[in-house]
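Work through the exercises below with the sequence and the model at hand, and try each task before reading its solution.

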Amino acid sequence: MRKAILATALLLASTASMAADNGIYLGASLGDAGVDISQGLVQVDESDTGFKIIAGIRPLDWFGIEASYVNFGEPEQGNFSVKTDGISGFGVFFLPVGPVDVFAKGGVISFDTDFRRKNVGSFFKDDGTDFAYGVGVQFRLLSLGIRAEYEKFDIDNVKDANMLSLGVTYTFL
């Protein structure tokens with residue numbers, strides 16, 4: 001009986017894997033975005049709800065190219081807040097294991113950072129392009145993917161910028 005259950009599970013896993021779509025995909029993620037920035041004696045080291053909109057292409061089972069709009073929310077600490085967002089681009093390397101993909105990605109983010117004081121406005125702004133990387137796992141069933149990932153963004157003048165998110169993607173043929 002155990003052998004029959006194991007054989008059925010392996011067959012279902014391989015069928016779901018073979019049926020998984022490669023191609024163009026769109027998606028969105030929501031999660032916890034952390035930002036740690038200091039200017040002079042003022043520091044904001046907090047997190048807020050962040051989100052991203054994802055577009056990508058996966059021409060091979062093991063490789064894809066992905067672009068995202070990333071918004072880190074507006075973490076606040078005392079009278080200060082930080083608004084950071086950007087466009088990221090990644091090369092994504094997938095390790096398909098049945099209907100699950102483990103992935104790692106590396107690329108860049110083009111960002112805008114606005115450090116603000118309540119009732120005063122901006123007192124520090126920065127923009128630029130810096131390195132970004134991440135790891136994650138996703139479950140794929142046909143064209144639908146559900147993913148969890150952690151991304152780190154090496155943004156100039158920001159000690160730490162990261163996002164832990166849960167999202168969904170849909171692949172078009």
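**Exercise 1. Which residues does Arg 147 touch, not counting residues up to four places away in sequence, and is Arg 147 buried or exposed?**

Solution. Begin with contacts, where contact means heavy atoms within 4.5 Å. Arg 147 touches Tyr 25, Ser 29, Ile 54, Glu 66, Phe 103, Lys 105, Val 137, Gln 138, Ser 165, Leu 166, Gly 167 and Thr 169, residues up to four places away in sequence being left out. This is a predicted model, in which local features need pLDDT of at least 70 and side-chain atom pairs count only at pLDDT 80 or more, while totals for chains, interfaces and linings use all residues. Residues are numbered from 1 along each chain as its sequence is written, and side-chain values use heavy atoms, with hydrogens and water left out.

Then turn to accessibility, for which buried means under 20% relative accessible area, exposed over 50%, and partly exposed in between, with a 1.4 Å probe and protein chains only. Arg 147 counts as buried because its relative accessibility is 1%.

**Exercise 2. Which residues line the largest cavity?**

Solution. A cavity is a set of points, on a 1 Å grid over the protein atoms alone, where a 1.4 Å probe fits but cannot get out, and lining residues have an atom within 4 Å of a point. The lining of the largest cavity consists of Asp 21, Asn 22, Gly 23, Tyr 25, Arg 58, Gln 138, Arg 140, Arg 147, Thr 169 and Thr 171. Strand 1, strand 7 and strand 9 are the elements that give two or more residues to this lining. As for volume, the largest cavity holds about 60 Å³ of space, a volume being the space filled by probe spheres set on the points, which are joined across faces, edges and corners.

**Exercise 3. Is Gln 39 buried, partly exposed or exposed, and which residues is Gln 39 in contact with, leaving aside neighbours within four places in sequence?**

Solution. First, locate Gln 39 in strand 1. Gln 39 is classed as partly exposed because its relative accessible area is 24%. Leaving aside neighbours within four places in sequence, Gln 39 is in contact with Phe 115, Phe 123, Phe 124 and Asn 157. Finally, compare sequence with space: Gln 39 and Phe 124 are 85 residues apart along the chain, and their C-alpha atoms are separated by 7.9 Å.

Definitions and conventions:
Helices (H or I, at least four residues) and strands (E, at least two) are DSSP runs, numbered from the N terminus. On a 1 Å grid over the protein atoms alone, a cavity is a set of points where a 1.4 Å probe fits but cannot get out, and a pocket is an open set with protein on both sides within 12 Å along at least five of seven lines; lining residues have an atom within 4 Å of a point.
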